[in-house]
Amino acid sequence: MTPAAAAQALEEITQTLPAEILVTDPVSMEAYRFDRAQDPDAGMPLVVVRPHTTEQVQQLVRIAAAHRVPIVPRGAGTGLSGGSTAVEQGILLSLDRMNAIEVDPVTRTVVAGPGALNAEVKAAAAAHGLWYPPDPSSFEICSIGGNVATNAGGLCCVKYGVTTDYVLGMTVVLADGRAVRLGGPRLKDVAGLSLTKLFVGSEGALGIFTEVQLRLIPAQKLPTTLVATFPTLASATEAVLTITGQMRPSMLEFMDQATINAVEDATKMGLDRQAAAMLIVQSDEPAGAALDEIRRIEEICTSTGATECFATDDPDDGEAFVTARRMAIPAIERQGAVLLEDVGVPLPRLGDLVLGIAQIAEAHDVTIATMAHAGDGNTHPLIVLRKSDPAQQERAHRAYGEVMDLAIRLGGTITGEHGVGRLKRPWLGDYLGPDVLELNHRIKKALDPGGILNPGAILVPEESDS
């Protein structure tokens with residue numbers, strides 16, 4: 001894109017779209033350059049656009065397509081893989097104002113704008129005695145559009161699945177400015193190719209969501225909670241495998257010692273700093289059945305070496321431990337900048353992954369705090385960076401790559417729910433293999449022949465435009 005093309009695009013945008021939805025002041029645009037991944041290669045946008053309607057998004061996309069100006073869609077900016085990092089002299093499309101929510105209790109569905117927060121959708125559903133289960137740790141601040149773009153999961157996914165399991169339909173603006181409606185309020189529909197599922201997890205590289213229709217389920221019952229601490233990583237992962245082989249709790253979360261200590265520093269709630277690992281488990285079965293399930297899980301934890309178990313059916317006590325798990329990432333971030341992994345493996349290899357991560361941390365003399373949605377094998381290792389120590393940063397980045405290489409060797413994935421974004425793109429080819437990678441490029445080229453939609457996210461821009 002030439003400076004002349006950028007100038008022409010900006011002039012047309014300012015003439016076509018309302019001034020109140022445009023941000024051109026460099027100081028104000030600075031806040032939109034980064035998502036939570038804090039990609040150091042973030043560019044300065046040509047303009048930030050905050051539309052209210054699908055029609056405004058269409059107008060913007062048509063202008064961008066005519067001038068070959070890249071567009072980066074952004075929800076709440078909580079992404080952890082650089083998926084909404086601004087592109088130099090591109091358009092940053094912030095969808096935060098498209099946040100309408102409408103619940104239909106008869107069909108048990110909700111229509112939400114991409115800027116609606118996950119917590120807001122949950123609250124709207126709860127007002128009708130319903131529940132939206134996808135439950136990222138950042139549910140209070142992350143947007144539905146971002147959740148759909150990365151196929152987010154969360155703490156309840158072991159039993160209730162991830163975002164794609166609840167997406168029934170959507171309105172998508174394509175790279176040529178057309179708006180198409182995919183799917184709808186039907187639980188069974190196999191007419192045509194499953195295009196809705198194609199767009200879920202596409203990170204804004206295939207189209208821009210302006211409305212999403214989601215499935216709701218009856219409200220979750222109050223859970224019973226178990227917290228178990230373990231003297232070794234191996235004993236904790238053995239407990240996870242045994243539990244998941246016999247039952248499906250509604251939550252099964254893992255924190256290693258570095259994570260436990262960071263959370264204890266932040267909360268002072270009396271967590272065991274000497275424990276090598278901790279499991280937080282919940283059952284939301286009917287009252288008696290939940291207690292029986294938790295008792296069985298406690299027996300498993302004890303038999304695999306747990307040093308302490310604490311069970312409670314008090315919702316406030318249980319929520320306190322869940323909150324501790326949710327705040328694990330910000331607790332680690334208090335120690336400095338972090339490189340956040342999101343690798344997952346088949347459950348039988350979870351122990352190999354967790355132990356392997358610990359060995360990588362020791363080999364490179366870096367702190368890696370590992371937490372996990374253990375019930376489905378999705379781990380979040382956080383590598384702490386010391387900005388004043390270039391040698392430590394180099395070791396940390398090597399460790400980052402080795403963790404992804406380890407996950408691939410174990411038959412796992414480089415990202416379970418945070419997306420590839422820009423930060424994990426170098427490893428995508430090793431994970432997918434050449435044939436599947438080429439198929440990804442072919443689909444991108446078919447839907448975005450000009451390469452304007454979130455270039456650099458997931459795929460190398462030059463390849464997707466070739």
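Biologist: Is glycine 377 buried or exposed?
Modeller: Glycine 377 is buried, at 0% relative accessibility. The general idea: buried means under 20% relative accessible area, exposed means over 50%, and partly exposed lies in between (1.4 Å probe, protein chains only). The areas themselves come from the Shrake-Rupley method with a 1.4 Å probe, and for residues only the protein chains shown count as cover.

Biologist: What should I know about the model before going on?
Modeller: This is a predicted model, where local features need pLDDT of at least 70, side-chain atom pairs count only at pLDDT 80 or more, and totals for chains, interfaces and linings use all residues. Residues are numbered from 1 along each chain as its sequence is written, and side-chain values use heavy atoms, with hydrogens and water left out.

Biologist: Where is glycine 377 placed, and which residues is it in contact with?
Modeller: Helices (H or I, at least four residues) and strands (E, at least two) are DSSP runs, numbered from the N terminus. Glycine 377 sits in the loop between β17 (368-373) and β18 (378-384). Contact means heavy atoms within 4.5 Å. Leaving aside neighbours within four places in sequence, glycine 377 is in contact with Val343, Gly344, Val345, Leu347 and Leu350. As for cysteine 142, it is 235 residues from glycine 377 along the chain, and their C-alpha atoms are separated by 22 Å.

Biologist: Now charges. How many salt bridges are there?
Modeller: A salt bridge is a side-chain nitrogen of Lys or Arg within 4 Å of a carboxyl oxygen of Asp or Glu. By this rule the count is 20.

Biologist: Which residue does arginine 398 pair with?
Modeller: Glutamate 394, with the closest N and O atoms 3.3 Å apart. Both lie in helix α14 (residues 390-409), and because they are four residues apart, about one helical turn separates them. Arginine 398 is partly exposed, at 39% relative accessibility.

Biologist: And what does glutamate 30 pair with?
Modeller: Glutamate 30 bridges to arginine 33, at 3.0 Å between the closest N and O atoms. Glutamate 30 is partly exposed, with a relative accessible area of 34%, whereas arginine 33 is buried at 15%.

Biologist: What does the salt bridge of lysine 122 look like?
Modeller: Lysine 122 pairs with aspartate 135, with 3.9 Å between the closest N and O atoms. Lysine 122 is in helix α4 (residues 118-126) and aspartate 135 is in the loop between β7 (130-131) and α5 (144-150), so the pair ties together parts 13 residues apart in sequence. Both residues are buried.

Biologist: How do I read a surface patch?
Modeller: Patches are made of residues with over 30% relative accessible area and no salt bridge; like charges are joined within 9 Å, and nonpolar side chains (Val, Leu, Ile, Met, Phe, Trp, Tyr) within 5 Å. Here Leu193, Leu195, Leu198, Leu439 and Ile443 form a nonpolar one, with about 440 Å² of accessible area together. Two or more of its residues come from each of α7 (195-199) and α16 (434-447). Isoleucine 443 is in helix α16 and is partly exposed, at 31% relative accessibility.

Biologist: Which residues gather in a patch of negative charge?
Modeller: Asp313, Asp314, Asp316, Asp317 and Glu319 do, on the surface. Asp and Glu count as negative and Lys and Arg as positive; His and the chain ends are not counted. The charge is placed at NZ of Lys, CZ of Arg, CG of Asp or CD of Glu. Glutamate 319 lies in helix α11 (residues 315-326) and is partly exposed, at 41%.
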